[in-house]
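Here's a quick tour of how the side chains pack and pair in this one. Have a look at the model first, then read on.

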Amino acid sequence: MTRRLPPPLVALSPGDLAPASTRRFLEHARKAVGTGLRAILVREPAMGDRALLDLAREVRALLPKDGWLGIHDRVHLAKACGADSVHLGFRSLAPREARKILAEEVAIGFSAHEGDDIGPWAAADYLFFGPVLDTPSKRGIRAPIGFEGLSSAVERSPVPVWAIGGLRPEHARASLVAGCAGIAVLSGLLPTRDPAGACAAYLLALGRDRN
(Lines give C-alpha, C1' and ligand atoms only; values in the text may rest on other atoms or scores of the structure.)
Protein backbone atom coordinates (compact mmCIF):
# COMPACT_ATOMS: atom_id res chain seq x y z
CA MET A 1 0.00 0.00 0.00
CA THR A 2 1.34 3.42 -0.95
CA ARG A 3 1.81 5.87 1.90
CA ARG A 4 0.73 9.45 1.26
CA LEU A 5 3.54 11.97 1.54
CA PRO A 6 2.79 15.65 2.10
CA PRO A 7 2.12 17.98 -0.82
CA PRO A 8 4.67 20.78 -1.48
CA LEU A 9 3.22 23.17 1.13
CA VAL A 10 2.63 22.02 4.72
CA ALA A 11 1.28 24.35 7.40
CA LEU A 12 2.05 23.66 11.07
CA SER A 13 -0.18 24.52 13.97
CA PRO A 14 1.36 27.14 16.30
CA GLY A 15 2.51 24.69 18.99
CA ASP A 16 1.12 26.72 21.88
CA LEU A 17 -2.63 26.64 21.35
CA ALA A 18 -4.79 27.31 24.40
CA PRO A 19 -8.54 26.62 24.56
CA ALA A 20 -9.26 30.30 23.96
CA SER A 21 -7.18 30.39 20.77
CA THR A 22 -8.25 27.11 19.18
CA ARG A 23 -11.31 28.60 17.47
CA ARG A 24 -9.22 31.34 15.91
CA PHE A 25 -6.68 28.80 14.67
CA LEU A 26 -9.40 26.69 13.05
CA GLU A 27 -10.89 29.76 11.36
CA HIS A 28 -7.48 30.69 9.97
CA ALA A 29 -7.02 27.10 8.79
CA ARG A 30 -10.42 27.24 7.07
CA LYS A 31 -9.43 30.40 5.20
CA ALA A 32 -6.12 28.93 4.06
CA VAL A 33 -7.80 25.72 2.92
CA GLY A 34 -10.19 27.85 0.91
CA THR A 35 -7.19 29.31 -0.92
CA GLY A 36 -5.71 25.91 -1.76
CA LEU A 37 -3.92 24.62 1.34
CA ARG A 38 -4.16 20.82 1.49
CA ALA A 39 -1.78 19.85 4.28
CA ILE A 40 -1.71 20.65 7.99
CA LEU A 41 0.51 19.14 10.67
CA VAL A 42 -1.05 19.38 14.12
CA ARG A 43 1.83 19.91 16.53
CA GLU A 44 0.71 20.81 20.06
CA PRO A 45 3.08 19.18 22.57
CA ALA A 46 1.43 20.64 25.68
CA MET A 47 -2.09 19.60 24.70
CA GLY A 48 -3.60 16.52 26.32
CA ASP A 49 -4.59 13.54 24.21
CA ARG A 50 -8.32 14.18 24.34
CA ALA A 51 -8.03 17.82 23.31
CA LEU A 52 -5.51 17.03 20.59
CA LEU A 53 -7.68 14.27 19.18
CA ASP A 54 -10.64 16.65 19.02
CA LEU A 55 -8.49 19.30 17.33
CA ALA A 56 -7.04 16.86 14.80
CA ARG A 57 -10.51 15.61 13.90
CA GLU A 58 -11.69 19.17 13.33
CA VAL A 59 -8.70 19.86 11.11
CA ARG A 60 -9.41 16.64 9.20
CA ALA A 61 -12.96 17.83 8.60
CA LEU A 62 -11.72 21.19 7.28
CA LEU A 63 -9.37 19.66 4.74
CA PRO A 64 -10.59 18.57 1.30
CA LYS A 65 -11.12 14.88 0.61
CA ASP A 66 -7.65 14.60 -0.87
CA GLY A 67 -6.12 16.68 1.94
CA TRP A 68 -3.23 15.52 4.10
CA LEU A 69 -3.32 15.48 7.90
CA GLY A 70 -0.25 14.89 10.04
CA ILE A 71 -0.05 14.71 13.81
CA HIS A 72 3.11 15.18 15.80
CA ASP A 73 4.37 12.46 18.14
CA ARG A 74 1.02 10.87 19.12
CA VAL A 75 1.40 7.52 17.41
CA HIS A 76 -1.52 6.10 19.35
CA LEU A 77 -3.94 8.73 18.01
CA ALA A 78 -3.19 8.34 14.30
CA LYS A 79 -6.00 5.92 13.48
CA ALA A 80 -8.61 7.67 15.60
CA CYS A 81 -8.15 11.02 13.85
CA GLY A 82 -7.61 9.65 10.36
CA ALA A 83 -4.04 10.97 10.08
CA ASP A 84 -2.07 10.32 6.92
CA SER A 85 1.19 10.66 8.83
CA VAL A 86 2.75 10.78 12.26
CA HIS A 87 5.65 13.21 12.49
CA LEU A 88 8.40 12.38 14.98
CA GLY A 89 11.22 14.30 16.63
CA PHE A 90 14.22 13.43 18.77
CA ARG A 91 12.03 13.09 21.90
CA SER A 92 9.58 10.77 20.11
CA LEU A 93 9.70 7.07 19.42
CA ALA A 94 12.36 6.24 16.87
CA PRO A 95 10.86 5.86 13.37
CA ARG A 96 11.77 2.16 13.32
CA GLU A 97 9.86 1.55 16.56
CA ALA A 98 6.88 3.63 15.48
CA ARG A 99 6.66 1.61 12.28
CA LYS A 100 5.98 -1.53 14.35
CA ILE A 101 2.90 0.12 15.85
CA LEU A 102 1.42 2.17 13.02
CA ALA A 103 -0.81 0.86 10.26
CA GLU A 104 1.17 0.25 7.08
CA GLU A 105 -0.63 3.02 5.19
CA VAL A 106 0.34 5.72 7.71
CA ALA A 107 3.50 7.57 6.70
CA ILE A 108 6.24 8.53 9.16
CA GLY A 109 7.91 11.93 9.08
CA PHE A 110 11.02 12.86 11.04
CA SER A 111 12.53 16.20 12.02
CA ALA A 112 16.24 16.17 11.19
CA HIS A 113 19.04 18.66 11.75
CA GLU A 114 22.62 19.28 10.73
CA GLY A 115 24.98 16.99 12.65
CA ASP A 116 22.32 14.40 13.50
CA ASP A 117 22.95 10.69 13.23
CA ILE A 118 21.39 9.84 9.88
CA GLY A 119 20.64 6.27 10.97
CA PRO A 120 16.95 6.92 11.77
CA TRP A 121 16.31 8.69 8.47
CA ALA A 122 15.93 5.54 6.40
CA ALA A 123 13.10 4.26 8.60
CA ALA A 124 11.08 7.42 7.91
CA ASP A 125 9.13 8.16 4.73
CA TYR A 126 10.12 11.83 4.59
CA LEU A 127 12.11 14.44 6.54
CA PHE A 128 11.62 18.02 7.67
CA PHE A 129 15.13 19.49 7.64
CA GLY A 130 16.22 22.79 9.16
CA PRO A 131 16.31 25.39 10.37
CA VAL A 132 17.20 26.73 6.96
CA LEU A 133 17.01 30.37 8.06
CA ASP A 134 16.86 32.17 11.39
CA THR A 135 13.73 31.39 13.36
CA PRO A 136 12.87 32.36 16.96
CA SER A 137 12.00 28.80 18.01
CA LYS A 138 15.53 27.57 17.20
CA ARG A 139 17.53 30.69 18.04
CA GLY A 140 20.42 29.78 20.32
CA ILE A 141 19.64 26.08 19.89
CA ARG A 142 20.26 25.33 16.22
CA ALA A 143 22.18 27.54 13.82
CA PRO A 144 20.59 28.15 10.40
CA ILE A 145 22.06 25.89 7.71
CA GLY A 146 21.21 28.06 4.71
CA PHE A 147 20.35 26.71 1.28
CA GLU A 148 23.80 25.24 0.72
CA GLY A 149 23.41 23.18 3.89
CA LEU A 150 19.91 22.24 2.81
CA SER A 151 21.17 21.00 -0.56
CA SER A 152 23.81 18.90 1.22
CA ALA A 153 21.14 17.36 3.46
CA VAL A 154 18.98 16.47 0.46
CA GLU A 155 21.94 14.72 -1.15
CA ARG A 156 22.51 12.65 2.00
CA SER A 157 18.89 11.79 2.67
CA PRO A 158 17.48 8.45 1.48
CA VAL A 159 13.95 9.91 1.59
CA PRO A 160 12.28 13.11 0.31
CA VAL A 161 13.01 16.32 2.24
CA TRP A 162 10.81 19.30 3.12
CA ALA A 163 12.64 22.47 4.15
CA ILE A 164 11.64 24.20 7.39
CA GLY A 165 12.71 27.19 9.44
CA GLY A 166 12.12 30.89 8.75
CA LEU A 167 10.89 30.35 5.21
CA ARG A 168 8.81 33.07 3.53
CA PRO A 169 7.30 32.87 0.04
CA GLU A 170 10.44 34.42 -1.46
CA HIS A 171 12.45 31.44 -0.17
CA ALA A 172 10.26 28.73 -1.68
CA ARG A 173 11.99 28.59 -5.05
CA ALA A 174 15.46 28.28 -3.47
CA SER A 175 14.19 25.35 -1.40
CA LEU A 176 13.03 23.56 -4.54
CA VAL A 177 16.31 24.33 -6.32
CA ALA A 178 18.11 22.74 -3.35
CA GLY A 179 16.24 19.54 -4.18
CA CYS A 180 13.44 19.65 -1.62
CA ALA A 181 10.02 18.20 -2.32
CA GLY A 182 8.41 21.15 -0.56
CA ILE A 183 8.44 23.43 2.46
CA ALA A 184 6.88 23.35 5.92
CA VAL A 185 5.75 26.66 7.41
CA LEU A 186 4.78 27.67 10.93
CA SER A 187 4.78 31.42 11.69
CA GLY A 188 4.48 32.55 8.10
CA LEU A 189 1.09 31.00 7.40
CA LEU A 190 -1.68 30.01 9.80
CA PRO A 191 -0.83 32.42 12.66
CA THR A 192 -0.76 35.45 10.32
CA ARG A 193 -3.49 38.07 10.06
CA ASP A 194 -4.22 37.03 6.48
CA PRO A 195 -3.77 33.25 6.20
CA ALA A 196 -5.58 33.11 2.87
CA GLY A 197 -3.27 35.70 1.34
CA ALA A 198 -0.19 34.07 2.86
CA CYS A 199 -1.20 30.67 1.51
CA ALA A 200 -1.76 32.11 -1.96
CA ALA A 201 1.69 33.73 -1.89
CA TYR A 202 3.41 30.49 -0.90
CA LEU A 203 1.58 28.47 -3.54
CA LEU A 204 2.42 31.02 -6.22
CA ALA A 205 6.09 30.92 -5.19
CA LEU A 206 6.01 27.13 -5.40
CA GLY A 207 4.64 27.38 -8.93
CA ARG A 208 1.15 26.25 -8.03
CA ASP A 209 -2.28 27.82 -7.87
CA ARG A 210 -3.40 25.04 -5.53
CA ASN A 211 -1.34 22.76 -3.26
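## Aromatic pairs

The count of aromatic pairs comes to 4. One of them joins Trp-68 and Tyr-126 edge-to-face, at 6.2 Å centre to centre with 75 degrees between the planes. Trp-68 sits in strand S3 (residues 68-72) and Tyr-126 in strand S6, so this pair ties together parts that are 58 residues apart in sequence. Keep in mind that this is a predicted model.

Tyr-126 also pairs with Phe-128, and here the geometry is tilted: 5.7 Å between centres and 55 degrees between the planes.

How many residues does the largest nonpolar core have? It has 58, and Leu-9 and Leu-189 are the ones with the most contacts inside it. Helix H2 (residues 49-62) gives this core its largest share, 6 residues. There is also a second, separate core of 10 residues, and its members include Leu-41, Tyr-126, Phe-128 and Trp-162. In soluble globular proteins, nonpolar side chains tend to be buried together.

Back to Leu-189: what does Leu-189 touch? Leaving out residues up to four places away in sequence, its contacts are Leu-9, Ala-11, Ala-32, Leu-37, Pro-195, Ala-198, Cys-199 and Tyr-202.

Helix H5 (residues 146-156) has Gly-149, Leu-150, Ala-153 and Val-154 buried. These residues span an arc of only 145 degrees around the axis, which puts them on the same side of H5. An α-helix has 3.6 residues a turn, so residues three or four places apart point the same way.

What covers the buried residues of H5? The cover includes strand S6 (126-129), strand S7 (161-164) and helix H6 (172-177). On the face turned away from the buried side, H5 carries the exposed residues Glu-148 and Glu-155.

## Salt bridges

Side chains of opposite charge can pair when their charged atoms come close. Here the count comes to 11 salt bridges. Asp-84 and Arg-4 form one of them, at 3.1 Å from N to O. Asp-84 is in the loop between helix H3 (78-81) and strand S4 (85-88), while Arg-4 is in the segment before strand S1 (9-12), so the pair ties together parts that are 80 residues apart in sequence. Asp-84 counts as buried, at 13% relative accessibility, whereas Arg-4 is partly exposed, at 32%.

Arg-23 and Glu-58 also meet in a salt bridge, at 2.7 Å from N to O. With Arg-23 in helix H1 (residues 19-35) and Glu-58 in helix H2, the pair ties together parts that are 35 residues apart in sequence. Arg-23 is exposed at 52% relative accessibility, and Glu-58 is partly exposed at 31%.

## A bridge within a helix, and a network

Lys-100 bridges to Glu-97, with the closest N and O atoms 3.3 Å apart. Both residues lie in helix H4 (residues 95-101), 3 residues apart, about one turn of the helix. Lys-100 is exposed, with a relative accessible area of 63%, while Glu-97 counts as partly exposed at 37%. Elsewhere on the list, Arg-3, Arg-99, Glu-104 and Asp-125 are linked in a network of salt bridges.

How values were computed. Residues numbered from 1 in each chain as written. Predicted model: local features only at pLDDT ≥ 70, side-chain atom pairs only at ≥ 80, totals over all residues. Heavy atoms only, no water. Core = buried A, V, L, I, M, F, W, Y, C linked by side-chain atoms within 4.5 Å. Buried < 20%, exposed > 50% of the residue type's maximum accessible area, 1.4 Å probe, protein only. Helix = DSSP H or I, 4+ residues; strand = E, 2+ residues; numbered from the N terminus. Contact = heavy atoms within 4.5 Å. Arc of directions from axis to C-beta. Salt bridge = Lys/Arg side-chain N within 4 Å of Asp/Glu carboxyl O. Phe/Tyr/Trp six-rings, centres within 6.5 Å; stacked < 30°, edge-to-face > 60°.
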